[in-house]
Amino acid sequence: MTILKILTYPNPRLYKIAKPVEEINKEHLDLIKNMTRTMYECNGIGLAATQVDFHERIIVIDISEEKNNLIVLINPDILERTGSQEYQEGCLSVPHVFEKVERFEKIKVKALDQDGKHFEFEAEGLLSVCIQHEVDHLDGKVFVDYLSTLKRNRIKSKLIKVQKKKLINNE
């Protein structure tokens, strides 16, 4: 398994809308394995294919403390949304930035698993937030897009400086 390179905000490829997976093949299954390893290695709880520059609708999530409850969502679709909640969110594509974002409290989701089987479930709390966050990535949206223009511009400037510094230092 390979650790994948995660696109960093404000990379324009993070705003590319992912296409539905037409047929699950070996490339998709390998991608899921590599996305899972990358998510765990980076201490994330969710990763969308868009974040690793693969623009099809695939998400991996594991919010468990033990990192033993992987959820794979292919072509996820949020069917129902109710309530609201505010959560402190972070993102592997926006490193070291945490901001409060308002999301729906409960959602109902349908998707395919990695075997191509349809399933539906309801999610609330952190799982609900994580799914909404990752589906946003597939839809070409980053969580900082929910913030004020001032906050977003500060974050953008900070991350561009960090990226330039890394280029200068050949990291």
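The structure is a predicted model, in which local features need pLDDT of at least 70 and side-chain atom pairs count only at pLDDT 80 or more, while totals for chains, interfaces and linings use all residues. Residues are numbered from 1 along each chain as its sequence is written, and side-chain values use heavy atoms, with hydrogens and water left out.

Figure 1. Cys91 is buried, at 10% relative accessibility. Cys130 is also buried, with a relative accessible area of 5%. Here buried means under 20% relative accessible area, exposed means over 50%, and partly exposed means in between, computed with a 1.4 Å probe on protein chains only.

**Figure 2. The salt bridge between Arg103 and Glu89.** Side chains of opposite charge can pair when their charged atoms come close. A salt bridge is counted when a side-chain nitrogen of Lys or Arg is within 4 Å of a carboxyl oxygen of Asp or Glu. The side chains of Arg103 and Glu89 meet this rule with an N to O distance of 2.8 Å. Arg103 belongs to strand S5 and Glu89 to strand S4, so the pair ties together parts that are 14 residues apart in sequence. Helices (H or I, at least four residues) and strands (E, at least two) are DSSP runs, numbered from the N terminus. Arg103 is buried at 6% relative accessible area, and Glu89 is buried at 3%. A network of salt bridges links Glu89, Arg103 and Asp136.

**Figure 3. The salt bridge between Asp139 and Arg57.** The search of the whole structure finds seven salt bridges. In the one formed by Asp139 and Arg57, the closest N and O atoms are 3.0 Å apart. Asp139 is in the loop between H2 and H3, whereas Arg57 is in the loop between strand S1 (46–48) and strand S2 (58–61); the pair thus links distant parts of the chain, 82 residues apart. Asp139 is partly exposed, with a relative accessibility of 38%, but Arg57 is buried, at 12%.

**Figure 4. The hairpin of S6 and S7.** Strands S6 and S7 pair in the antiparallel sense over seven bridges; two strands pair if DSSP finds at least two bridges between them. Val109 stands opposite Phe121 in S7. Five residues lie between the strands of this hairpin, and Gly116 takes a positive phi near 85°. A salt bridge joins the side chains of Lys108 and Glu120 (3.5 Å, N to O). Lys108 is in strand S6 (residues 106–112) and Glu120 in strand S7 (residues 118–124), 12 residues apart. Both are partly exposed, Lys108 at 23% relative accessible area and Glu120 at 49%.

**Figure 5. The largest pocket.** A grid search with 1 Å spacing over the protein atoms alone defines a pocket as an open set of points where a 1.4 Å probe fits, with protein on both sides within 12 Å along at least five of seven lines; lining residues have an atom within 4 Å of a point. Grid points are joined across faces, edges and corners, and a volume is the space filled by probe spheres set on the points. The largest pocket holds about 510 Å³ of space. It is lined by 19 residues, and Lys5, Ile6, Thr8, Gln163 and Lys166 are the closest to its centre. Strand S5 (94–103) and helix H3 (149–168) are the elements that give two or more residues to this lining, and H3 gives the most, with eight residues. The lining has nine nonpolar, four polar and six charged residues. In this classification, Ala, Val, Leu, Ile, Met, Phe, Trp, Tyr, Cys and Pro are nonpolar, Asp, Glu, Lys and Arg are charged, and the others, Gly among them, are polar.

**Figure 6. The second largest pocket.** The second largest pocket contains about 400 Å³ of space. Of its 22 lining residues, Ile45, Gly90, Cys91, Leu92 and Phe98 lie nearest its centre. Strand S4 (85–91), S5 and helix H2 (125–138) each supply at least two residues of the lining.
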